[in-house]
Amino acid sequence: MTRKDGGARPVPIHRGRSYRFTRAIVRKPCSNVAKGLRATAVGANECADNPDPIEFARQHDAYIDALKSAGLAVTVLPTLEDFPDSVFVEDAALCLRDTAIVLRPAAPTRMGEAAAITPALKRAFATVIELPGPGTVDGGDILVTDAEALIGLSARTDAKGFDTLASILVDLGIAARRVDTPSHILHFKTDCGLLDGQTILATPQLAATNCFADYTVIETAAGEEASANCIRVNDKVFISAGYRATTERLSAAGFAVVELVTSQAAKIEGGLSCMSLRF
Ligand code: CIR
């Protein structure tokens, strides 16, 4: 079968490898979390819509409990006060089965998060590879399925970063496919999430780019685009709370859906996938 973009159909390697996990790494949100990046800059601590660090920590604790209830052993790293966005550990690394890749987050205020997470990766993985520069890649732009890694070019992930990461992944036996993230979307996975090895939840806008031509796509309901950043963890699908129509779609398709409140992370453009590294 040929994809609409002309490429060969990816070959599934291990069924379920993209959502069967035993461990996760998370980092507690710091007290400076209100200074986290967001598209519309506001004066941190002066805006009613800033995240509240205490409420963020509560929601983060519930997130950790949910990961544990899905069967994961969770390593909780301490806060990093110098890095307001450091709760979003996904952007600093890509964790595969036996290998972790330390990425190169593009935002100047986030670059140091990669070095900060490296010791924890070295404790958990036999092999840790540091992505060489000068390109940049944020983990939020990488969607790993059973068959391949889709890497979305975005304001954070550039072509050089893609090329460098793709060559590492190919050496590890993982096909890497470059896709484009529509310019209004922060990260590729802001608008999509894996449901199983062959099924993806995506916003209609991202699905319309045809990047998921080889997959079954379930679209988020109208007005519920913010629910797209779900995560599949073993037998459960975690989705942000408050998106009833999309949740019903997933339940009707047979997924065991669990809603989690992410209102604080959402204030600085974070969601479910960004708050953990799962492997
Ligand atoms: C940022 O702009 O980098 C953070 N405020 C949000 C990062 C969310 N990460 C993700 O979607 N993977």
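A polar contact is a pair of N or O atoms within 3.5 Å; within protein, one atom must be able to donate a hydrogen and the other to accept it, and residues adjacent in sequence count only if both atoms are side-chain atoms. The model shown is predicted: local features need pLDDT of at least 70, side-chain atom pairs count only at pLDDT 80 or more, and totals for chains, interfaces and linings use all residues. Residues are numbered from 1 along each chain as its sequence is written, and side-chain values use heavy atoms, with hydrogens and water left out.

View 1. An oxygen atom of the ligand is 3.1 Å from an N or O atom in the side chain of His-187. Asp-85 also uses its side chain, in which an N or O atom is 2.8 Å from a nitrogen atom of the ligand. At Ile-268, a backbone N or O atom lies 2.7 Å from a nitrogen atom of the ligand. On its own the ligand has 340 Å² of accessible area, and the protein covers 98% of this; such areas come from the Shrake-Rupley method with a 1.4 Å probe, and for residues only the protein chains shown count as cover. There are 14 residues around the ligand, and Leu-37, Asp-85, Asp-91, Arg-110 and Ile-268 come nearest; a residue is near a molecule or strand if one of its heavy atoms lies within 4 Å of it. How many residues of each class does the shell around the ligand have? The shell has six charged, five nonpolar and three polar residues. Here Asp, Glu, Lys and Arg count as charged, Ala, Val, Leu, Ile, Met, Phe, Trp, Tyr, Cys and Pro as nonpolar, and the others, Gly among them, as polar.

**View 2. Strand 1 and its partners.** Helices (H or I, at least four residues) and strands (E, at least two) are DSSP runs, numbered from the N terminus, and two strands pair if DSSP finds at least two bridges between them. Strand 1 pairs with strand 2 (residues 73-77) in the parallel sense over five bridges, and the partner of Val-26 in strand 2 is Val-76. With strand 15 (residues 277-278), strand 1 pairs in the antiparallel sense over two bridges; there Ile-25 stands opposite Leu-277. Four of the five residues of strand 1 are buried, where buried means under 20% relative accessible area, exposed over 50%, and partly exposed in between (1.4 Å probe, protein chains only). Arg-38 lies in the loop between strand 1 (23-27) and helix 1 (53-69), and Arg-38 counts as buried because its relative accessibility is 17%.

View 3. Strand 7 (residues 148-153) and strand 8 run parallel and are joined by six bridges, with Gly-152 partnered by Val-179 of strand 8.

View 4. Glu-148 is placed in strand 7. Is Glu-148 buried or exposed? Glu-148 is buried, because its relative accessible area is 2%. The side chain of Glu-148 makes a polar contact of 2.6 Å with the side chain of Tyr-215, and a polar contact of 3.0 Å joins it to the side chain of Arg-177.

**View 5. The sheet of strands 12, 13 and 14.** A further open sheet of three strands has the order 12-13-14, with mixed pairing. Strand 12 (231-233) and strand 14 (256-260) are the edge strands, each pairing on one side only. Five bridges pair strand 13 (residues 236-240) with strand 14 in the parallel sense, and Val-237 has Val-257 as its bridge partner in strand 14. Val-257 is partly exposed, because its relative accessible area is 21%.

View 6. Most residues other than glycine have a negative phi, and most peptide bonds are trans. The peptide bond from Gly-133 to Pro-134 is cis, with omega near 10°, and Pro-134 is found in the loop between strand 5 (127-130) and strand 6. Asn-234 is not a glycine, yet has a positive phi of about 55°; its place is in the loop between strand 12 and strand 13. Glu-269, also not a glycine, has a positive phi of about 65° and is found in the loop between helix 6 (263-266) and strand 15.
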